[in-house]
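The entries follow the order in which I looked things up.

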Amino acid sequence: MTGMVTAGLVAATVLTTAVTIWLTFGLLEHREAEQRRQDILAAARQSALNFTSLDYRHYDRDSANVLSGATGDFKKQFAAQTKQLTQLVAQNKSVSEGQVLEAGIVRADEDSARVLVVADSKVTNTAVPQGEARTYRLQLDLVHKDGRWLTSDVEFVG
């Protein structure tokens, strides 16, 4: 009888330990997924803010901010246009003050994500010196590279 009680206690202990380990791993996976989600959203919000906040008085710094969060084709395209954009922005005395209103993940895994962002900006330039409000709906593709989420593509969507 004592052997059966002991065997039952051992079995209960093994079962409790197994369930505890299983729940702990599930909780860790959930925390990692939530942290990844927060990191993706923060990177997308910052990228959209950088992209919609440009000022002719310090365009070099502003365009460098865009490029620091970019990779791949998007980075190449933006870098290739920087000289022309610098001249255009200076000529028109353009200032765009961006503000991210909403961001939501469409899809994400450990290495890539697609995020939709709604951003407003107030744009002033020589054509509209009093300013004009603009709303942007952006689709950003991000990749996880060197421990950071970087924007690999930006599209304006309906």
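**Aromatic pairs**

I searched the structure for aromatic pairs and found five. The model is predicted.

Entry on F51 and F74. The angle counts as edge-to-face because it is over 60 degrees. I then checked where the two residues sit in the chain: F51 belongs to helix α1 (residues 2-52) and F74 to helix α3 (residues 72-92). They are 23 residues apart, and the pair links distant parts of the chain.

Entry on accessibility. Is F74 buried or exposed? I found F74 buried, with a relative accessible area of 8%. For F51 I noted 21%, so F51 is partly exposed; the cut-off for buried is under 20%.

Entry on F51 and F156. I found that F51 also forms an aromatic pair with F156, and this one is tilted. I noted 6.0 Å centre to centre and 40° between the planes. F51 is in helix α1, while F156 is in strand β5 (residues 148-156).

Entry on the cluster. Which residues do ring pairs link into a cluster? I listed F51, F74, F78, Y136 and F156.

Technical notes: Residues are numbered from 1 along each chain as its sequence is written. This is a predicted model: local features need pLDDT of at least 70, side-chain atom pairs count only at pLDDT 80 or more; totals for chains, interfaces and linings use all residues. Side-chain values use heavy atoms; hydrogens and water are left out. Rings of Phe, Tyr and Trp (its six-membered ring) pair if their centres lie within 6.5 Å; planes under 30 degrees apart count as stacked, over 60 as edge-to-face and the rest as tilted. Helices (H or I, at least four residues) and strands (E, at least two) are DSSP runs, numbered from the N terminus. Buried means under 20% relative accessible area, exposed over 50%, partly exposed in between (1.4 Å probe, protein chains only).
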